[in-house]
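Trainee: I'm new to this one and would like to learn how its descriptions are reached. Could we go through it together?

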Amino acid sequence: MIGFMGTGKTSVGEKLAVRLGRRFLDTDCEIEKTTGETVANIFARLGEKVFRAEENTLAKLLADKSNLVIATGGGMVLNPANVALLRKSGVLILLCAEPDIIYERVKRKKTRPLLAGGSLKENIVILIKEREKAYRAAADYCIDTSGQGVEQVVERIISVLGDRIK
Ligand code: S3P
């Protein structure tokens, strides 16, 4: 799963993994496990560059793995090297959603440093605009999760993937 924060990568990925009988992995959680720091702390104490380096290290590790469902952090595929690595063994499914819906989903969680400060709604709109092209270029499939329940999105992914997951 790739795409912007709040598009449902983790909740959809978890359910999809159960449906497919595969292991689920969330790249932010993996980075938190290996560094012993929260994502917010890595950004605050060490800076975004260090976090992006951790993402790249993890992408290298994941490139040879199979039978996983992976939820990536929203910035993972902004690095073309990570896209190439994840493509080696994976299908990249872009989840997207309307900015207003993303706002509703993320407004209570204060864990995303890139959305902190100023107007949350504006930050979402600006960042999506900046990233949209890169997300679409990285994606094998795009799925809009606006107004969709997790189960519906999972079913849609399974039907879109068809034989690729058999
Ligand atoms: C980020 C998204 C976050 C996390 C970090 C940076 C981004 O993950 O990796 O805060 O650059 O979009 P989620 O997409 O899971 O919120």
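Trainee: How do you know which residues of α2 and α4 meet?

Mentor: This is a predicted model, and contact here needs heavy atoms within 4.5 Å. By that cut-off, T27, D28, E30, I31, T34 and T35 in α2 meet F51, E54, E55, L58 and L62 in α4. By class, the residues of this contact are four nonpolar, three polar and four charged.

Trainee: What makes α2 roughly perpendicular to α4?

Mentor: The axes of helix α2 (residues 27-35) and helix α4 (residues 48-62) cross at roughly 105° and come within 10 Å. Angles of 65 to 115 degrees count as roughly perpendicular, so that is the word for α2 and α4.

Trainee: And why are α4 and α5 called roughly parallel?

Mentor: Their axes cross at roughly 20°, coming within 8 Å. Angles under 35 degrees count as roughly parallel, and therefore α4 and α5 get that name. The crossing in which α4 passes α5 is left-handed.

Trainee: Which residues make the contact of α4 with α5?

Mentor: From α4 come E55, N56, A59, K60 and L62, and from α5 come A81, N82, L85, L86 and S89. They divide into five nonpolar, three polar and two charged. E55 and L62 of α4 are also among the residues that meet α2.

Trainee: Let's turn to the pockets. What makes a residue part of the lining of the largest pocket?

Mentor: A lining residue has an atom within 4 Å of a pocket point. For the largest pocket, 31 residues line the space, and M5, T10, D28, T111 and R112 lie nearest its centre. Two or more lining residues come from each of α1 (9-20), α2, α3 (39-46), α4 and α6 (99-106). The space in this pocket is about 740 Å³.

Trainee: How many residues of each class are in that lining?

Mentor: Ten are nonpolar, eleven polar and ten charged.

Trainee: What about the second largest pocket: what is its volume, and which residues are closest to its centre?

Mentor: Its volume is about 470 Å³. Of the 22 residues lining this pocket, R22, L68, S89, G90 and V91 are the closest to its centre. The elements giving two or more residues are α1, β2 (68-71) and α5 (80-89).

Trainee: Which element gives the most to that lining?

Mentor: That is β2, with three residues. By class, the lining of the second largest pocket has 14 nonpolar, five polar and three charged residues.

Key. Residues numbered from 1 in each chain as written. Predicted model: local features only at pLDDT ≥ 70, side-chain atom pairs only at ≥ 80, totals over all residues. Heavy atoms only, no water. Axes fitted to C-alpha atoms, helices over the stretch in contact; angles between N-to-C directions. Helix = DSSP H or I, 4+ residues; strand = E, 2+ residues; numbered from the N terminus. Parallel < 35°, antiparallel > 145°, perpendicular 65-115°, else oblique. Nonpolar A, V, L, I, M, F, W, Y, C, P; charged D, E, K, R; others polar. 1 Å grid on protein atoms, 1.4 Å probe; cavity = no way out; pocket = protein on both sides within 12 Å on 5 of 7 lines; lining within 4 Å. Points joined across faces, edges and corners; volume = space filled by probe spheres on them. Left-handed = near helix turned anticlockwise from the far one by under 90°.
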